[in-house]
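Okay, thanks for coming, everyone.

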Amino acid sequence: MAKGMSAAEPSTVPLLARALNRIRSTPPRVIASPPTQPRRAAVALIIRVVPSPLAPAPHNTDKPASLSDFFDADWVNHPAARPEILFLHRDEAAPATDASLWQAKLRHNTTEAHVAFPGGRTEPDDEGGLYTAMRQTWEEIGIDLAEPCYSYIGQLDDREITTSLGKRLLMILSPFVFLQLTPHAPPPDPVPSTSLHWTPLASLVSIHSPPKWSSVTVDAASRLAPKHSTILRFLVRVFIGSMQFPAIIIQPSTDNSSLPSDKEKAALQSSPSAKHKQLKLWGLSLGMTLDLMSYMILTPSTSNASNGSRPNPNPTSPLSSVMQLPYQPVAEDFRMEYIAPSLASVFPRFSYPDVNFWIWVFGKRYREVVRGWEASVRDGGTNDRRVNWSGSALNTFYAAIRKALVVVIVARALGVLFGVSFALWWIFS
């Protein structure tokens, strides 16, 4: 578990201030629901700054008038103040919820638990995605984001949630960012099947203690074969194997300034699946977290452009090494300073090497889209939102996967057929 931030480690408050101001001033890419699939969902990314126990208590605990006033406060700027983001774990044994609509079916694993953000499906009476995120947060974890101690910062880009490797749209997911503006807030009241985990942002974005990367294994049959087709699911497991997705091992706070309330302790006790397990952030939740982290990256210097010289094609950022996802050969020609880092978080690596090889063979169009996206961002200085680059990249990558799987399955079937024919010939000859 993560301890308090070391006094020698730079504070992540300036990075958080940069990110929230950029989110507030940057309009999100909003995806309209097609008539054939109107289903939508929303989640809340809740951030707070825990005051340092060594700093004097704030004299004025009222809600600041603006975001600038908040980050100018002495208790926020104290070197030991700690920004945190809220994750939750839903007990796998609990009844199905709205959130389970976009959570993948995983292999049974007794050593790890997976975290997410509060949220769920948009209901017909909801006034919009923001209302959905606030309502679901209140219903699931008992945090009222309409209270004066919280402020809505802005929306991250909408995300398309698909099934069957991009062939069918499941829903549109909208992430909304909130900030706790006061040192303390009313305690949460999570439902019994949910446990809360406040996690220091320093454990995700610090270059001195970078995040611990891992992976999550998903049964390929759960994505590629019908649920009730036992034979087909068995064949997919044999021919295709499993898929691995990148994940970050979460290190929640454990010091006295961030201990869980009595209700949170009760939720932890009633959710044994999260106790003594490794907490992992992956999939859509990892993608949205990386979207938030991408706003913390320093923008490329414009000094060269102003004096007429050619800009540096490979500008560096203090977070470059942190943002680069592990073992993603198809994403090596990305630079995370330019391209939305969350894109690669949904790209799987298959357990059979030949599957990954054929994905690379058929991924030429995907790489062209990525290079076009990167060139667009470099030329304009910001992400060109007139073109759905992320959607095009995902579609071409999933198309490469589908072609690769066809080749692999046909090759395996021919191999089995040849092996059986040779065995029969040898037996009867």
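Let me start with Glu147, which is partly exposed because its relative accessible area is 33%. For the cut-offs, buried means under 20% relative accessible area, exposed means over 50%, and partly exposed is in between, with a 1.4 Å probe and protein chains only. You'll find Glu147 in the loop between α4 and β5 (150-155). Gln180 is 33 residues away from Glu147 along the chain, and their C-alpha atoms are separated by 9.6 Å.

Quick housekeeping. This is a predicted model, so local features need pLDDT of at least 70 and side-chain atom pairs count only at pLDDT 80 or more, while totals for chains, interfaces and linings use all residues. Residues are numbered from 1 along each chain as its sequence is written, and side-chain values use heavy atoms, with hydrogens and water left out.

Now the overall picture. The chain has 14 helices and twelve strands; these are DSSP runs numbered from the N terminus, helices being H or I with at least four residues and strands E with at least two. Of the 429 residues, 48% are buried. If you take contacts (heavy atoms within 4.5 Å) between residues at least 6 apart in sequence, 80% of them join residues at least 24 apart.

Next, a few buried spots. Phe71 sits in helix α2 (residues 67-72) and counts as buried because its relative accessible area is 7%. What does Phe71 touch, leaving aside neighbours within four places in sequence? Val13, Leu16, Ala17, Leu20, Val76 and Asn77. Take Leu16 from that list: Phe71 and Leu16 are 55 residues apart in sequence, but C-alpha to C-alpha they are 9.3 Å apart in space.

Then there's Arg135, over in helix α4 (residues 129-141). Is Arg135 buried or exposed? Buried, because its relative accessible area is 15%. Not counting residues up to four places away in sequence, Arg135 touches Arg121, Thr122, Glu123 and Asp126. Thr122 is 13 residues from Arg135 along the chain, with 9.5 Å between the C-alpha atoms.

Met293, in helix α9 (residues 283-294), is at 2% relative accessibility, so it counts as buried too. Met293 and Leu204 are 89 residues apart in sequence, and 8.3 Å apart in space, C-alpha to C-alpha.

Last topic: a helix pair. Two packed helices are described by the angle between their axes and the distance between the axes. Here, the axes of α12 (residues 353-361) and α14 (residues 389-428) come within 8 Å and cross at roughly 130 degrees. That makes α12 oblique to α14, so let me give you the classes: under 35 degrees is roughly parallel, over 145 roughly antiparallel, 65 to 115 roughly perpendicular, and the rest oblique. The axes are lines fitted to C-alpha atoms over the stretch in contact, and angles run from 0 to 180 degrees between N-to-C directions.

Who meets whom? From α12 we have Asp354, Val355, Trp358 and Ile359, and they meet a set in α14 including Phe397, Ala400, Ile401 and Arg412. By class, that contact has ten nonpolar, no polar and two charged residues.

In the model, residues 404-428 are 100% helix and 0% strand, with the end C-alpha atoms 36 Å apart.

Definitions and conventions: Nonpolar A, V, L, I, M, F, W, Y, C, P; charged D, E, K, R; others polar.
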